Amino acid sequence: MKKNNFVEGTIIATSLIVLVKILGMLYVIPFYKIVGSSGGALYSYAYNIYLIFLGISSAGLPDAIAKIISEYNALEYHDAKMRAYKIGRKLISIISVVSFILLFVFAEEIGKFIIGDLNGTNSARDVAFVVRCVSPAVLLIPFLSITKGYLQGHKYIGPSSFSQLIEQFVRIIVILLGSYLVLNVFDGSLKLAIGIAVSGAFFGGLFALIYLKRAIKKSKLELDYEECEDKITNKEITKKIVLYAIPFVIISIVSHLYNFTDQILVLRTLENMGFLSDDVEFIAASISTWSPKICMIINAMAMGMTMSLVPTIVSAVTKKQTKEVENKINKSLSMIIFISLPLSLGLCVLSTSVWTIFYDVNIYGPQILSLMVFSALFGNLYLIVSTICQSLSKYKLVYLVSITGFLLNALLDVPIMYLFKFINFKPYLGSITASIIGYSISVFIGLHALSKDNNIKYSLTIRNVIKTLIPGGIMVLILLILNKFLPFNQLTVVGAILTSIINAIIGGIIYITVSYKMGLIDEIFGREMVNKLIKKLTLGKLELKN
């Protein structure tokens, strides 16, 4: 295995995660056609609560292990590093079992809490059944995650990222094949089909874990060292793991609570506003699951970056390289905006076409997606900022950033929905607006505190953001004009696909060309890394001149 620097690690992780997210986006097209909107809503109920419990069962340990291993590697505390990994595994086994028991035993109470008094197609018992089907994954996935953290801490980003591809591939096979066979071959119930679909998380994790174990076994000489005394006790290591893990679990749970809270409040509020039950379920599922599925391509950048960001910042802090820390923070913020912004703008312009491709024609879907893309953009910034705070051991700031944003979202959800109804606007968009406000406040608090306490300057980021708006604005303007003349009906699948392909190609060329002419790509990524990437993509036939 090969170690990766920050930019290279980010590109590797992001490339593979983008592929994982593309698969995660594309599978919902046949899956939605197999199970329909009712099955999709039932799937979203179980999967959203599973993600929250997964955050609890992992308890931030994978990221904590990555941070500790990176720290001990920088100090050459190899024995303590190995003991930290073993202690982390013991802790996670206890937490995973407790989380599984809670999820399995209280599945019916969870189902009643989610559904409430809504008289839709799905019942509280249906929700309880699928929640129990997904619960075994809570026993397995944390071990997969902590193994990834072990590799990330050594700056081996490739195997960790590739395991996610394996996990997603197997999971999708189980979801599509299982639900199709139950409904179309064995004439089973929709509840059973969704139960098998959500169990795909367990089987995907199993295959990915086997792959990582084999990868570690092959590289044992690179990862393991002879035991030596480094005067760090197991008690100190355990204390440090718990101390590091708590902020990560707060970040993880709060991220998932955004969608879950929106789902619950949208269900309750729209029902009180007089929306039909089927429409209420569809809108809630679209906000909490189906739009975020499409937005996965936007989120991939932040997920890929955090895998490389934690060990590099921790290593720089441990070595007291203050300027390097500031550089990594500015570079990560610039990269996330440079890549996320055009994706968000493009999906907003193409919301009708993209929704038609994925879920057929619907009056609610495109409206939700067109705003959800910006929630994903600010969610990316929130994830990066909170990860930076954690990497710098700003634990109180992590709590403040995460909890303040989430509470604002929860408190503003219902009032903004009623405000939107009062001004004759789509009330369900109020929930997404509340999320954007919550993320924005979190980002502002985090960046302001880092500037004040660590003297971090963002002049480079501000300059790059202003520059990024120029190619983004030009791209949107040209695409809007272009779509006026395209002869395709976006409400048909073929027309929507052709519109999306033409827009993606032209929009991508415009954005990259203008960015390159402005020197923005070189400034953010560096000419050496850009050339390295171009060489790989063109098999060594093309290289940019200095």
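What you're looking at is a predicted model, so local features need pLDDT of at least 70, side-chain atom pairs count only at pLDDT 80 or more, and totals for chains, interfaces and linings use all residues. Residues are numbered from 1 along each chain as its sequence is written, and side-chain values use heavy atoms, with hydrogens and water left out. The chain has 23 helices and zero strands. Among its 546 residues, 57% are buried.

**Overall build**

- Helices here are DSSP runs of H or I with at least four residues, strands are runs of E with at least two, and both are numbered from the N terminus.
- "Buried" means under 20% relative accessible area, "exposed" means over 50%, and "partly exposed" is in between (1.4 Å probe, protein chains only).
- Take the contacts (heavy atoms within 4.5 Å) with a separation of 6 or more: 84% of them are between residues 24 or more positions apart.
- Accessible areas come from the Shrake-Rupley method with a 1.4 Å probe, and for residues only the protein chains shown count as cover.

**Salt bridges**

- Side chains of opposite charge can pair when their charged atoms come close. A salt bridge is counted when a side-chain nitrogen of Lys or Arg is within 4 Å of a carboxyl oxygen of Asp or Glu.
- Searching the whole structure turns up four salt bridges.
- One of them joins lysine 33 to aspartate 360, with the closest N and O atoms 3.0 Å apart. This pair links distant parts of the chain, 327 residues apart: lysine 33 is in helix α2 (residues 28-58), while aspartate 360 is in the loop between α16 (351-359) and α17 (365-391). Aspartate 360 is partly exposed, at 34% relative accessibility.
- Glutamate 523 bridges to arginine 463 at 3.0 Å, N to O. Glutamate 523 sits in helix α22 (residues 520-525) and arginine 463 in helix α20, so the pair ties together parts that are 60 residues apart in sequence.
- Glutamate 523 also has a salt bridge with lysine 467, again listed at 3.0 Å, N to O.
- Put together, Arg463, Lys467 and Glu523 are linked in a network of salt bridges. How exposed are its members? Glutamate 523 is partly exposed at 28%, arginine 463 is partly exposed at 40%, and lysine 467 is partly exposed at 22%.

**Aromatic rings**

- Rings of Phe, Tyr and Trp (its six-membered ring) pair if their centres lie within 6.5 Å; planes under 30 degrees apart count as stacked, over 60 as edge-to-face, and the rest as tilted.
- That rule gives 23 aromatic pairs. For phenylalanine 31 and tyrosine 43, the ring centres are 5.2 Å apart and the planes are at 65°, so this pair is edge-to-face.
- Phenylalanine 31 is buried, with a relative accessible area of 0%, and tyrosine 43 is buried at 1%.
- Ring pairs join a cluster whose members include Phe31, Tyr43, Tyr47, Trp290 and Trp355.
- A charge sits over a ring if NZ of Lys or CZ of Arg is within 6 Å of the ring centre and within 35 degrees of the ring normal. The charged end of lysine 293 does this over tyrosine 47, 5.6 Å from the ring centre. Lysine 191 has its charged end over phenylalanine 129, 5.1 Å from the ring centre.

**A nonpolar patch**

- Patches use residues with over 30% relative accessible area and no salt bridge; like charges are joined within 9 Å, and nonpolar side chains (Val, Leu, Ile, Met, Phe, Trp, Tyr) within 5 Å.
- One nonpolar surface patch has about 750 Å² of accessible area together, and its residues include Ile94, Phe104 and Leu139.
- Which helix gives the most to the nonpolar patch? Helix α4 (residues 78-105) does, with seven residues.
- Leucine 139 is in helix α7 (residues 137-153) and is partly exposed at 31%.

**Positive phi in two loops**

- Aspartate 187 has phi near 55°, a positive value in a residue other than glycine. Aspartate 187 is in the loop between α8 (157-185) and α9 (190-198) and is exposed at 67%.
- Asparagine 455 also has a positive phi, near 55°. The loop between α19 (429-454) and α20 (459-485) holds asparagine 455, which is partly exposed at 49%.
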